[in-house]
Amino acid sequence: MDRTTYPSDVFDTESGGKLLTVIGESLIDRIQSSGELPHITEHVGGSPLNVAVGCRRLGLPTRIVTHAGEDIQGQLITDHLADNGVQVLSGGTSPTSVATASLGPDGSANYDFCLDWDIKNVSLAALESVEASFHVHTGSIATMLMPGARTVYELVQGAHEHATVSYDPNCRPTVIPDVDYARTQAELFVRQSDVVKASDEDLRWLYPELSLHEAMAAWLGLGPALIVVTQGPLGPMALSRSARVALPAHPVAVADTIGAGDSFMAALISALDQLDLLGPRGREGLQKITEENLLTILSYATTASAITCSRAGANPPSLEEIGLLPVSVHETQ
């Protein structure tokens with residue numbers, strides 16, 4: 001798609017405007033393609049960064065608490081976020097993190113990481129952002145890798161009075177190979193969340209002895225209102241306190257799967273917002289979400305993911321591409 005500029009100065013939280021805060025890592029995806037003539041390209045990435053960009057492209061005023069080093073790669077990240085209208089709070093002093101992704105013949109990606117994660121020196125500004133937000137999202141390496149994961153947890157704990165919280169563990173065994181530790185960290189954040197999204201690979205790694213449905217039910221029992229699990233070409237499932245639904249994936253010619261889950265997450269957040277199910281005032285409605293609305297939300301998020309899969313790299317759709325939810329869905333509230 002053509003580059004579109006999304007101004008970051010069009011929202012003013014002090015005058016009552018909405019703000020979404022995303023907390024998590026930014027990095028450079030160094031993509032090594034397969035085939036007869038393999039080559040390497042570099043793209044801005046990181047699961048939370050991709051979610052922040054996806055949310056902003058879908059019209060949500062978005063700020064990210066992250067780290068980008070004072071180097072060429074860090075400037076690429078800063079420019080990318082600015083181009084997409086995402087406000088940035090950047091902490092830490094380490095070089096910019098890098099993930100090397102090796103693509104398989106089917107477009108799937110395997111990652112190796114070189115990174116550090118510490119945002120303590122912007123924790124006060126980050127807390128102010130969280131307290132000004134109607135919704136806070138976090139996940140992936142940022143919630144697992146110390147010392148930064150400790151700061152992220154404190155920020156999420158501070159969000160509850162002011163915001164709903166979403167979480168995507170997006171497990172990276174090459175970064176955090178200790179599954180017992182990863183499970184403990186994931187459950188800490190699940191307990192603090194209203195909405196949790198994970199992949200089937202996440203749950204099978206964290207809970208090899210449980211079925212997907214059993215793992216989803218166990219997480220729902222920890223406190224969230226909604227658990228969503230993606231299954232690649234098999235499509236997503238959702239479990240709430242009032243409904244359980246599943247939806248087939250959209251057929252798509254896959255360029256690669258980089259950022260597909262993050263686009264799904266961003267569209268999930270957008271759809272819930274469109275239904276007024278986020279923020280403190282939306283929390284009660286989220287607990288009672290209907291089966292019809294769950295199916296509509298999954299369809300919306302799956303469409304966003306399919307668009308991202310159809311083109312190279314983490315390139316989530318804009319609101320112009322995907323549109324808004326049907327008005328009839330809003331009228332069922």
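A crossing of two helices is left-handed if the near helix is turned anticlockwise from the far one by less than a right angle. Keep that in hand for the first stop. The model on screen is predicted.

**Stop 1: two helices**

Select residues 148-157, helix H4, and residues 179-191, helix H5. Their axes come within 10 Å and cross at roughly 20°. Angles under 35 degrees count as roughly parallel, so H4 is roughly parallel to H5. The crossing of H4 and H5 is left-handed.

Now show side chains. On H4, pick Ala149, Val152, Tyr153 and Val156. They meet Gln185, Leu188 and Phe189 on H5. Six of these contact residues are nonpolar, one is polar and none is charged.

**Stop 2: the largest pocket**

Select Ser199, Glu201, Thr257, Ala260 and Gly261. Of the 48 residues lining the largest pocket, these lie nearest its centre. The pocket's volume is about 1300 Å³.

**Stop 3: the cavity**

How many cavities of 30 Å³ or more does the structure hold? One. The largest cavity has a volume of about 50 Å³. To find it, select Ser140, Ile141, Met144, Pro169, Asn170, Cys171, Arg172, Val175, Ile176, Ala182 and Trp205, which line it. By class, the cavity lining has eight nonpolar residues, two polar and one charged.

Key:
Residues are numbered from 1 along each chain as its sequence is written. This is a predicted model: local features need pLDDT of at least 70, side-chain atom pairs count only at pLDDT 80 or more; totals for chains, interfaces and linings use all residues. Side-chain values use heavy atoms; hydrogens and water are left out. On a 1 Å grid over the protein atoms alone, a cavity is a set of points where a 1.4 Å probe fits but cannot get out, and a pocket is an open set with protein on both sides within 12 Å along at least five of seven lines; lining residues have an atom within 4 Å of a point. Grid points are joined across faces, edges and corners, and a volume is the space filled by probe spheres set on the points. Ala, Val, Leu, Ile, Met, Phe, Trp, Tyr, Cys and Pro count as nonpolar, Asp, Glu, Lys and Arg as charged, and the others, Gly among them, as polar. Axes are lines fitted to C-alpha atoms, for helices over the stretch in contact, and angles run from 0 to 180 degrees between N-to-C directions. Helices (H or I, at least four residues) and strands (E, at least two) are DSSP runs, numbered from the N terminus. Angles under 35 degrees count as roughly parallel, over 145 as roughly antiparallel, 65 to 115 as roughly perpendicular and the rest as oblique. Contact means heavy atoms within 4.5 Å.
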